[in-house]
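I am opening my notebook on a new structure today. Here is what I looked up, entry by entry, so that you can follow along.

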Amino acid sequence: MSERLQPGDVAPAFTLPDADGNEVSLADHKGRKVIVYFYPAALTPGCTKQACDFTDNLELLTGAGYDVIGISPDKPEKLAKFRDKENLKVTLLADADKQVLDAYAAFGEKKNYGKTYMGVIRSTIIVDESGKVEHALYNVRATGHVAKIIKDLGI
């Protein structure tokens, strides 16, 4: 597992397929701030709540200069189903080989009900216009997280 990112670090570059199979890169968003959030699995209750919260607040976030990208280890087909079923407006990217999740330290050891296993660590990394990490939030909760980000960013 990679070291957790810290404010001031250069955000690791990535290019991943979106729900329609189109390549999306972090570099495509140069000049804008980007909220990159990592979630375990599409079509699960917590991840659905989080994605819907981002979608519900997308106008507010984009108006404040932030783009939103959600990344999970799901395949593009599952992301398309997730987007269509929940009417999501955020960009969803597939990281099936978990290389980007690892580069952002969003994949690693987790504990649940006394068991230790490897999985996606729900995380949000806010990248500034020049590609540097502005905020790195790890082990975030699905519920209430978007409201907290909005409050913390003063939007």
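Predicted model: local features only at pLDDT ≥ 70, side-chain atom pairs only at ≥ 80, totals over all residues.

**Entry 1: the overall fold**

How many helices and strands are there in the protein chain? I found five helices and nine strands. Reading from the N terminus, I noted the order of elements as β-β-β-α-α-β-α-β-α-β-β-β-β-α.

Next I looked up the radius of gyration, which is 14 Å. The globule rule gives 15 Å for 155 residues, and the two values are close, so the protein chain is as compact as a globular protein of that length. The C-alpha trace spans about 40 × 35 × 30 Å along its principal axes.

What share of the 155 residues is buried? I wrote down 48%. For the accessible surface I have about 7,800 Å², and carbon and sulfur atoms hold 50% of that.

I also looked at contacts between residues at least 6 apart in sequence: 64% of these join residues at least 24 apart. As for charges, the protein chain has 20 positive and 22 negative ones, and their mean positions are 7 Å apart.

**Entry 2: aromatic rings**

I counted five aromatic pairs. One of them joins Phe14 and Tyr104, with 6.1 Å from centre to centre and 70° between the planes. Why is this pair called edge-to-face? The angle between the planes is 70°, and over 60 degrees counts as edge-to-face.

Where do the two partners sit in the chain? Phe14 is in the segment before strand 1 (15-17), while Tyr104 is in the loop between helix 4 (99-103) and strand 6 (107-112). They are 90 residues apart, so I noted this as a link between distant parts of the chain.

Elsewhere I noted one aromatic cluster, made of Tyr37, Tyr39, Phe54 and Phe82.

**Entry 3: Val100 and Asp95**

I then turned to Val100, which is in helix 4. With 9% relative accessibility, Val100 counts as buried. Which residues is Val100 in contact with, leaving aside neighbours within four places in sequence? My list reads Phe14, Leu16, Phe38, Ile71 and Asp95. Phe14 from the previous entry turns up here again. Val100 and Ile71 are 29 residues apart along the chain, and 8.5 Å separates their C-alpha atoms.

Asp95 lies in the loop between strand 5 and helix 4. Is Asp95 buried or exposed? It is buried, as its relative accessibility is 1%. Beyond neighbours within four places in sequence, Asp95 is in contact with Leu16, Ile71, Ser72, Pro73, Asp74, Val100 and Leu101. I also looked up Asp95 and Asp74, which are 21 residues apart along the chain and have C-alpha atoms separated by 6.7 Å.

**Entry 4: positive phi values**

Lys98 lies in the loop between strand 5 and helix 4. Its phi is positive, about 65°, although Lys98 is not a glycine. Lys98 counts as partly exposed, with 30% relative accessibility.

Asn87 is another residue I marked, in the loop between helix 3 (76-86) and strand 5 (91-94). Phi of Asn87 is near 55°, a positive value in a residue other than glycine.

Technical notes
Residues numbered from 1 in each chain as written. Heavy atoms only, no water. Phe/Tyr/Trp six-rings, centres within 6.5 Å; stacked < 30°, edge-to-face > 60°. Helix = DSSP H or I, 4+ residues; strand = E, 2+ residues; numbered from the N terminus. Buried < 20%, exposed > 50% of the residue type's maximum accessible area, 1.4 Å probe, protein only. Rg over C-alpha atoms; globule rule 2.2 N^0.38 Å. Contact = heavy atoms within 4.5 Å. Areas by Shrake-Rupley, 256 points an atom, 1.4 Å probe, with all protein chains shown as cover. Lys, Arg positive; Asp, Glu negative; His and termini not counted. Charge placed at Lys NZ, Arg CZ, Asp CG, Glu CD.
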